[in-house]
Amino acid sequence: MNARAELANAIRALAMDAVQQANSGHPGMPMGMAEIADVLWNHHLRHNPANPAWADRDRFVLSNGHGSMLLYAVLHLTGYDIPLDELKRFRQLHSKTPGHPEYGCAPGIETTTGPLGQGISNAVGMALAERLLAAEFNRPELAIVDHYTYAFLGDGCLMEGVSHESCALAGTLGLGKLIAIYDDNGISIDSEKGSIRQWYTDDVKRRFEAYGWQVIANVDGHDVTAVDKALKKAKREKARPTLIMAKTVIAKGAPTKANTGAAHGAPLGEKEVAATREAIGWNHPAFEIPKGVYEGWDAKKRGARAERRWNKLMSGYEAQHPEAAAAFRRRMAGELPANFRAGVEALLKDTDAKAETIATRKASQNALEMLAATLPELIGGSADLTGSNLTMVKTSKAIGTEGGGNYVFYGVREFGMCAVMNGLALHGGFIPYGGTFLVFSDYARNALRLAALMKLRAIYVFTHDSIGLGEDGPTHQPVEHAATLRLIPNMSVWRPCDTVETAVAWTEAIARKDGPTSLLLTRQNTPFVKRSAEQLAAVARGGYVLSEAAGGPARAVLIATGSEVGLALEAQKRLTAEGVAVRVVSMPSTSAFDRQDESYRASVLPRGVPRVAVEAGVTDYWRKYVGLEGAVVGIDSFGESAPAGELFKHFGFTPEKVAEAIKRVIK
């Protein structure tokens with residue numbers, strides 16, 4: 001066996017050994033893409049194992065994340081801090097090598113992949129981030145942002161609709177530094193007795209050419225020279241992203257399971273592993289890698305040299321452009337500018353003083369207008385609803401096919417938008433926000449979930465948040481959506497009631513570094529509520545006493561969010577006139593409220609006092625606050641097509657109905 005072949009075979013051996021030991025996993029893809037990984041990682045990818053967070057490294061995304069052992073093997077072999085013992089613990093509890101790559105779990109993992117199609121969509125966001133940062137910060141002879149984004153993807157990624165959304169956008173935007181390599185092996189899970197031709201006959205080449213990509217087709221994925229040639233051609237193309245279509249054999253080297261569905265998602269079996277060793281000439285025990293192979297893969301010296309060259313370039317940049325250099329370092333570190341808090345104070349003071357009665361979507365735009373002026377890292381967008389979501393502000397500049405900008409017209413691509421936003425956040429240098437109607441968050445659900453899983457700072461502007469959107473009817477009126485978003489672990493959800501709560505929601509979303517935020521905003525106007533300084537400070541805690549009971553201790557607590565807060569205050573007035581003392585609690589963010597200490601939560605929602613919640617959405621979620629003995633004024637059916645005012649009356653969102661609910665629970 002020649003030395004070059006041994007490099008690829010090391011991946012095959014580690015993949016089949018780890019999967020066999022775990023008795024779980026996908027050995028076929030790593031074995032089939034071994035030569036491609038060798039060429040990319042040893043001859044093209046610019047990275048430094050000693051500093052996985054180096055700002056100007058090339059990004060690598062394994063979109064076909066089921067083949068995670070390829071990535072773990074390569075990271076181990078090239079010198080990242082993933083010891084051999086971690087490969088032996090593949091798919092085991094608390095290992096650095098889980099079943100699918102997880103961002104933050106091990107060095108060198110750029111994103112969490114597994115749900116197919118999202119990795120390539122993240123890669124689109126990363127490539128967009130690179131281009132925008134280059135346009136903003138690079139100077140003549142001082143290109144401090146100059147790297148590629150590479151992605152591996154398979155048939156499953158291309159079958160998932162999100163890849164269509166994001167790849168079409170990538171072609172439209174002309175992301176020339178995005179290079180995707182398609183593992184064209186013709187096999188997927190249902191291919192037990194044949195290829196995927198029974199259900200997948202897309203002409204991938206013409207599809208991507210129609211998107212505006214350069215397509216390099218018919219590349220032998222096991223011919224290192226052909227793969228190298230294709231990558232060089234891809235890097236020469238500056239105006240279009242590139243798809244390299246590499247024909248491969250799944251589980252290459254396995255005598256009886258190569259090119260079969262059986263190798264896709266199950267261990268080869270001990271006999272087949274032994275036979276594969278013999279077939280490929282790998283005469284080493286399980287998990288044993290010869291010294292010469294390690295030396296062939298070792299990227300530490302090469303990576304250190306590359307980063308030293310960049311550091312020298314950056315030093316020259318700092319000398320000539322100190323302010324820009326400081327801004328670049330700050331943004332890549334994810335730190336907010338020093339004057340951010342002062343800007344927040346000014347925003348809240350201005351918002352409180354204006355006391356406007358407007359829709360919270362408009363309040364969102366107003367807050368964003370002030371915040372964006374001092375936060376160049378904000379990059380916005382909308383899924384073809386800019387005029388409805390009100391996500392564009394005076395400083396917004398549309399992104400085109402070249403140069404910079406800070407606003408993406410995503411088109412009608414909610415899932416793609418949110419997955420691309422994840423890529424922007426992962427790359428660094430940006431805080432992405434994107435808008436659509438709340439009801440369409442369903443389209444984007446899995447990207448939202450992954451943002452929460454990865455703890456990404458991304459902000460979703462979901463407007464038209466209830467039956468209050470009116471005449472568009474039940475297809476567009478969200479009912480269960482606020483509750484389901486709140487059920488996503490680590491997703492912070494805000495449904496503000498007026499301009500002040502909306503401003504606070506925005507500032508909290510921007511300041512949050514450990515997860516995404518969903519802002520649920522109204523189409524219709526909501527009344528401004530005057531607050532004391534103490535109440536204003538309490539808004540950020542997610543729930544607070546907005547109006548204390550009058551005429552004695554509270555006999556009940558009325559909890560409300562969003563547009564229903566005004567309704568709760570009206571009901572309180574009615575009850576007070578009848579001699580029933582009721583406290584009104586505004587709870588714009590159950591996420592933030594639940595993070596408060598027990599004493600604070602008890603001070604807002606005292607034990608033993610009956611509770612009623614009111615929200616124009618499903619009722620079950622609120623039982624955690626009101627209990628079975630409390631009541632919820634909500635909607636457990638779909639909406640209707642009619643003006644908003646009529647709908648609120650029809651579904652029982654009136655002061656009278658809320659007052660009746662209070663009376664029922666205090667008897």
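## A quick tour of the model

Just after helix α19, Lys-455 takes a positive phi of about 60 degrees. (Helices here are DSSP runs of H or I with at least four residues, strands are runs of E with at least two, and both are numbered from the N terminus.) Keep in mind that this is a predicted model: local features need pLDDT of at least 70, side-chain atom pairs count only at pLDDT 80 or more, and totals for chains, interfaces and linings use all residues. Residues are numbered from 1 along each chain as its sequence is written, and side-chain values use heavy atoms, with hydrogens and water left out.

**Helix α19**

- Helix α19 covers residues 445–454, and its buried residues (under 20% relative accessible area with a 1.4 Å probe, protein chains only) are Ala-447, Leu-448, Leu-450, Ala-451, Ala-452 and Met-454.
- Among the elements covering those buried residues are α6, α18, β10 (459–463) and α20 (481–486).

**Glu-165**

- You'll find Glu-165 in helix α8, residues 161–173.
- Glu-165 is buried but has no salt bridge, meaning a side-chain nitrogen of Lys or Arg within 4 Å of a carboxyl oxygen of Asp or Glu.
- For Glu-165, the nearest side chain of opposite charge is Arg-413, 6.0 Å away; Lys and Arg count as positive, Asp and Glu as negative, and His and the chain ends are not counted.
- A polar atom of the Glu-165 side chain does lie 2.6 Å from the backbone nitrogen of Gly-416.
- Setting aside neighbours within four places in sequence, Glu-165 is in contact (heavy atoms within 4.5 Å) with Arg-413, Glu-414, Phe-415 and Gly-416.

**Phe-90**

- Phe-90 sits in the loop between α5 (84–88) and α6 (118–137).
- Phe-90 counts as buried because its relative accessibility is 1%.
- Not counting residues up to four places away in sequence, Phe-90 touches several residues, including Ala-18, Met-69, Tyr-72 and Pro-98.

- On a 1 Å grid over the protein atoms alone, a cavity is a set of points where a 1.4 Å probe fits but cannot get out, while a pocket is an open set with protein on both sides within 12 Å along at least five of seven lines; lining residues have an atom within 4 Å of a point.
- The largest pocket holds about 630 Å³ of space.
- Of the 32 residues lining the largest pocket, Tyr-103, Met-332, Ala-425, Leu-426 and Gly-428 are the closest to its centre.
- Helices α14 (322–332) and α18 (414–427) are the elements that each give two or more residues to that lining.
- Residues lining the largest cavity include Trp-41, His-47, Arg-57 and Glu-110.

Note on methods: Buried means under 20% relative accessible area, exposed over 50%, partly exposed in between (1.4 Å probe, protein chains only). A polar contact is a pair of N or O atoms within 3.5 Å; within protein, one must be able to donate a hydrogen and the other to accept it, and residues adjacent in sequence count only if both atoms are side-chain atoms. Grid points are joined across faces, edges and corners, and a volume is the space filled by probe spheres set on the points.
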